[in-house]
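Me: I'm new to this structure and would like to get to know it step by step. Could you show it to me first, and then take my questions?

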Amino acid sequence: MSTTNNIAQARKLVEQLRIEAGIERIKVSKAAADLMSYCEQHARTDPLLVGVPTSDNPFKDKKPCIIL
Amino acid sequence: MEELRKEMENLKDQITAVRKTFQDSTLQEAAAGVTVVGRVQLKTRKTLRGHLAKIYAMHWGTDSTLCVSASQDGKLIVWDTITTNKVNAIPLKSSWVMTCAYAPSGNLVACGGLDNMCSIYNLKGKDGNVKVMRELAAHTGYLSCCRFLSDTEIITSSGDCTCVLWDIETGTQKMVFAGHQGDAMSLGVSPDFKFFISGACDFTAKLWDIREAECRQTFGGHESDINAIGFFPNGNAVITGSDDATCKLYDLRADQELLTYQDPSIMCGVTSLAPSKSGRLLLAGHDDFNVNIWDMLKAERVGVLAGHDNRVSCIGVSSDGMACCTGSWDSFLKIWN
């Protein structure tokens with residue numbers, strides 16, 4: 001019966017919301033600090049952020065200079 | 001039924017209220033002293049030519065050199081991005097492909113789409129031919145995304161609103177993740193392989209515990225379908241991209257949205273996204289043929305990748321962070337750094 005299905009579905013949704021309501025949380029200030037700290041720690045090893053010198057760039061064709 | 005509805009509303013209000021109590025600050029405030037990243041100008045280093053129709057998906061291999069792309073020309077192509085050579089060109093049974101994935105081992109690739117199936121191909125077969133190893137069929141809707149956990153397990157998301165964890169060897173469903181109230185469009189696996197996130201047409205993103213088959217958290221806020229989703233590199237935050245033209249950053253431990261990446265000049269939906277290796281940059285592909293680059297902490301646009309002649313449908317940053325690959329409806333893939 002569709003009504004029984006609806007009630008079963010609604011029960012599942014309520015159950016799911018209970019799970020989500022009960023999780024442990026941390027403060028946004030701590031979450032933000034951790035994100036910023038991670039970015040800072042790894043900034044130097046982020047090629048797209050700091051750039052890649054030609055000699056280390058596997059995607060850049062290293063053409064020899066031709067002196068005309 | 002009425003009681004259940006009231007309880008649902010109460011719980012939703014409860015969650016909203018609890019989240020507020022943990023909002024002792026905002027990422028904006030916390031990052032106030034941080035200088036915006038300087039203008040990011042990436043150049044096209046390689047153009048991968050070969051597909052004859054729109055490219056719908058691409059995925060880097062873990063070696064940061066090979067990648068796989070899927071096009072509605074009915075082919076999966078494995079590329080050597082440095083030489084631009086095609087390592088494999090795999091003809092598909094169904095050309096209506098919407099997603100592809102590269103296994104972390106490099107041994108397998110997978111794809112699927114309107115055929116509602118996820119097909120697994122063995123790249124390292126004995127006789128050198130690439131053949132279908134398994135066809136994972138059970139979804140009752142299109143396959144929107146797939147990601148390998150290993151050579152024996154893969155997770156899929158579908159237009160039937162569910163995500164599934166499959167046992168590749170037996171071809172059976174190990175777990176079904178049901179809960180989304182709209183097509184599941186995209187998924188991302190956490191760096192520790194214990195969780196995955198899914199974005200859907202119900203405008204929400206969900207965090208799932210893979211082994212318990214449980215939805216742990218649900219994030220709302222978007223005003224339209226979520227097309228793209230990914231983890232921040234440390235696994236503690238989730239980034240989503242939506243048809244509402246914005247991207248959002250949600251922190252998993254604070255259980256709430258931290259930032260929205262939007263600009264009045266950006267009116268086209270987000271199709272794909274990828275964070276840079278440190279997480280500081282967010283690259284987002286849009287329907288307007290461009291990729292916008294954001295400073296993830298300051299929510300300021302710091303660059304644009306313009307080079308495609310049609311929608312950017314997929315984007316990925318290699319594991320070593322050296323390059324970004326974009327795939328487009330213009331049938332080309334471009335490698336940028």
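**Getting to know the two chains**

Me: What relative accessibility does B:Arg253 have?
Reply: B:Arg253 counts as partly exposed. That class lies between buried (under 20% relative accessible area) and exposed (over 50%), with a 1.4 Å probe and protein chains only. The value for B:Arg253 is 27%.

Me: Before we go on, what kind of model is this?
Reply: Residues are numbered from 1 along each chain as its sequence is written, while chains are lettered from A and ligands numbered from 1 in the order in which they are written. Side-chain values use heavy atoms, without hydrogens and water, local features need pLDDT of at least 70, side-chain atom pairs count only at pLDDT 80 or more, and totals for chains, interfaces and linings use all residues, for this model is predicted.

Me: Which residue meets B:Arg253 in a salt bridge?
Reply: A salt bridge here is a side-chain nitrogen of Lys or Arg within 4 Å of a carboxyl oxygen of Asp or Glu. For B:Arg253 the N to O distance is 2.6 Å, and the partner is A:Asp34.

Me: Why does the pair of A:Asp34 and B:Arg253 join two chains?
Reply: Helices (H or I, at least four residues) and strands (E, at least two) are DSSP runs, numbered from the N terminus. A:Asp34 sits in helix 2 (residues 28-42) of chain A, so its bridge joins two chains: B:Arg253 belongs to the loop between strand 20 (247-251) and strand 21 (256-261) of chain B.

Me: Which residues are joined into one network by salt bridges that share partners?
Reply: A:Arg18 has a salt bridge to A:Glu15 (3.0 Å, N to O). A:Arg18 also has one to B:Glu7, with the closest N and O atoms 2.5 Å apart. The latter pair crosses between chains, from helix 1 (residues 2-21) of chain B to helix 1 of chain A. The network joined through shared partners is therefore made of A:Glu15, A:Arg18 and B:Glu7.

Me: How far apart along helix 1 of chain A are A:Arg18 and A:Glu15?
Reply: Both residues are partly exposed, A:Arg18 at 40% relative accessibility and A:Glu15 at 41%. About one helical turn separates them, because their spacing in helix 1 is 3 residues.

Me: How many salt bridges are there over all chains?
Reply: The pairs above, including A:Asp34 with B:Arg253, follow the 4 Å rule. Over all chains, that rule gives a count of 16.

Me: Which residue in the hairpin turn between strand 16 and strand 17 of chain B has a positive phi?
Reply: Strand 16 (residues 205-209) and strand 17 (residues 214-219) pair in the antiparallel sense over 5 bridges. B:Asp209 has B:Glu214 as its bridge partner. Between the two strands lie 4 residues, and the one with a phi of about 55° is B:Ala213.

Me: What is the distance between the C-alpha atoms of B:Asp288 and B:Ile120?
Reply: B:Asp288 is in the loop between strand 23 and strand 24 (290-295) of chain B, and it is partly exposed at 28%. Along the chain, B:Asp288 and B:Ile120 are 168 residues apart, and their C-alpha atoms are separated by 32 Å.

Definitions and conventions:
Pairing = 2+ DSSP bridges.
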